[in-house]
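Subject: A structure for you to look at

Hi,

Here is the structure I promised to pass on.

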Amino acid sequence: MANALLEDLKWRGLVYQQTDEEGIEELLNKESVKIYCGADPTADSLHIGHLLPYLTLRRFQNHGHTPIVLVGGGTGMIGDPSGRTEERKLQTDEQVEENVRGIMNQMHKIFEFEGEDAAILVNNKDWLKEIDLISFLRDYAKHVGVNYMLGKDSVKARLEMGISYTEFTYMILQAIDFGYLNKNYDCKMQIGGSDQWGNITAGLDLMRRMYGETEAFGFTIPLVTKADGKKFGKSESGTVWLDRSKTSAYELYQFWINSQDADVVKYLKYFTFLDREEIERLEKTVEEAPHLREAQKVLAEEMVGFIHGPDAVEEAKRITNALFKGDIKSLTKDEIEAGFKDVPTAVVSKETTQLVEFIIEAGVSPSKRQAREDINNGAIYLNGERIQDVNHEITTEDKIEDEFTIVRRGKKKYTMVKYS
């Protein structure tokens with residue numbers, strides 16, 4: 001019997017590798033199965049490049065299965081060599097603990113931890129710290145052949161550049177996790193990005209060598225790619241984080257709304273929980289009325305709403321609309337700072353009040369002659385309002401909470417001017 005969840009995952013393009021396709025389908029036809037996905041706490045926040053495996057795991061929860069969400073407080077002390085060209089810098093215990101707390105908090109935004117099929121949150125440091133060196137070598141490493149490990153892509157890719165024994169053993173630690181969860185939580189499957197295939201299959205192999213035939217499976221999803229070849233998860237200002245203090249709701253909204261037409265339908269399938277009918281409707285709008293960007297707007301609203309809630313969506317839309325209309329004064333100080341986080345900043349003396357001198361000191365216009373010309377031509381805006389009086393004096397009314405002024409020259413050149 002075809003499994004509805006698997007059919008949906010295939011339609012969305014989320015099935016990449018399965019260790020046993022028939023076995024997994026049979027497994028998922030059971031009422032409730034425990035499935036895990038893990039992440040190492042390399043920072044105190046996840047970024048959107050981490051999202052897809054967890055959103056996929058959430059789809060399993062929506063179909064009645066129980067997610068085990070693993071945060072690698074133990075493996076994070078070592079570092080996964082998968083997909084890296086150089087050795088990781090080891091973090092201190094304190095850094096890892098702080099990162100674990102941050103990521104665990106974010107997992108509560110993605111999964112349901114109460115009620116039926118409640119997700120289970122674990123930290124692999126709880127069991128890895130109990131294994132001493134002799135036990136590690138005798139009870140676990142003894143079952144893993146060096147030739148077997150050398151055949152894994154995560155290791156092969158690093159051999160020429162060099163890999164330490166520390167990172168070389170990472171695969172064994174993750175394999176221990178799978179075995180521990182299988183034995184202690186009855187976990188039947190691990191999912192991850194395609195770069196985790198070697199680690200996942202190493203876990204299955206270790207379990208079978210240690211415990212004999214074991215019911216356990218591996219499942220990977222494709223890594224996200226962009227049509228233009230650029231790396232997914234990066235904006236012009238850098239990494240797009242889930243933590244609002246690192247990436248504001250407005251910035252997150254802008255990331256998704258700026259998706260290319262060639263990518264947006266794939267992202268709707270990958271990242272949102274919209275049904276097939278709605279996504280196919282949006283696909284038609286991309287083909288028939290791409291200028292309306294309806295698919296991008298829905299994608300942005302769905303993602304900001306899922307991660308930060310409905311109030312964050314309204315805030316992001318309000319900032320977007322205000323900036324589009326030039327209605328900067330309708331925004332709060334915090335909203336303006338979020339919207340203009342990446343524009344150039346200049347510092348001008350509070351004593352500079354004459355507009356011509358003000359925009360020269362801020363670097364908006366290069367000379368007095370050009371400054372006067374820009375003002376007369378209507379190219380200068382203070383906080384969204386056009387100023388065409390060359391004798392205009394800067395007052396508190398031109399300053400937002402007496403801290404800064406947003407100056408625009410022409411259509412797009414913005415400067416945030418602060419006061420010394």
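Predicted model: local features only at pLDDT ≥ 70, side-chain atom pairs only at ≥ 80, totals over all residues.

Residues are numbered from 1 along each chain as its sequence is written, and side-chain values use heavy atoms, with hydrogens and water left out.

**The whole chain**

The chain has 420 residues, and 52% of them count as buried. Along its principal axes, the C-alpha trace spans about 85 × 50 × 40 Å. You'll find 19 helices and 13 strands in it; these are DSSP runs, numbered from the N terminus (helices: H or I, at least four residues; strands: E, at least two). The accessible surface is about 20,500 Å², and carbon and sulfur atoms hold 46% of that. Areas like this come from the Shrake-Rupley method with a 1.4 Å probe; for residues, only the protein chains shown count as cover. As for contacts (heavy atoms within 4.5 Å), take those with a separation of 6 or more: 71% of them are between residues 24 or more positions apart.

**Salt bridges**

Back to Asp44, which forms a salt bridge with Lys246, with 3.2 Å between the closest N and O atoms. Asp44 sits in the loop between strand S2 (34–39) and helix H3 (51–62), and Lys246 in the loop between strand S8 (238–239) and helix H12 (249–257), so the pair ties together parts that are 202 residues apart in sequence. Lys246 is partly exposed too, at 30%. A salt bridge here is a side-chain nitrogen of Lys or Arg within 4 Å of a carboxyl oxygen of Asp or Glu, and the whole structure has 17 of them.

Another one joins Arg276 and Glu280 (3.1 Å, N to O). Both residues lie in helix H14 (residues 276–288), four residues apart, which is about one turn of the helix. Arg276 is partly exposed at 46%, and so is Glu280 at 35%.

Then look at Glu294 and Arg281, whose closest N and O atoms are 2.9 Å apart in a salt bridge. Glu294 belongs to helix H15 (residues 294–308) and Arg281 to helix H14, so this pair ties together parts 13 residues apart in sequence. There is also a network: salt bridges with shared partners join Lys30, Asp186, Lys188 and Glu215.

**A sheet**

Which strands make up the open sheet, and in what order? There are five, in the order S9-S13-S12-S10-S11, with mixed pairing. Strand S9 (345–348) and strand S11 (385–386) are the edges, each pairing on one side only. Two strands count as paired if DSSP finds at least two bridges between them. S9 and strand S13 (residues 413–419) run parallel and are joined by four bridges; Val348, for instance, has Tyr419 in S13 as its bridge partner.

**A surface patch**

Finally, find Leu133, Leu137 and Tyr165, which form a nonpolar surface patch with about 330 Å² of accessible area together. Patches are made of residues with over 30% relative accessible area and no salt bridge; like charges are joined within 9 Å, and nonpolar side chains (Val, Leu, Ile, Met, Phe, Trp, Tyr) within 5 Å. Leu133 is in helix H6 (residues 133–140) and is exposed at 58% relative accessible area.

Note on methods:
Buried < 20%, exposed > 50% of the residue type's maximum accessible area, 1.4 Å probe, protein only.
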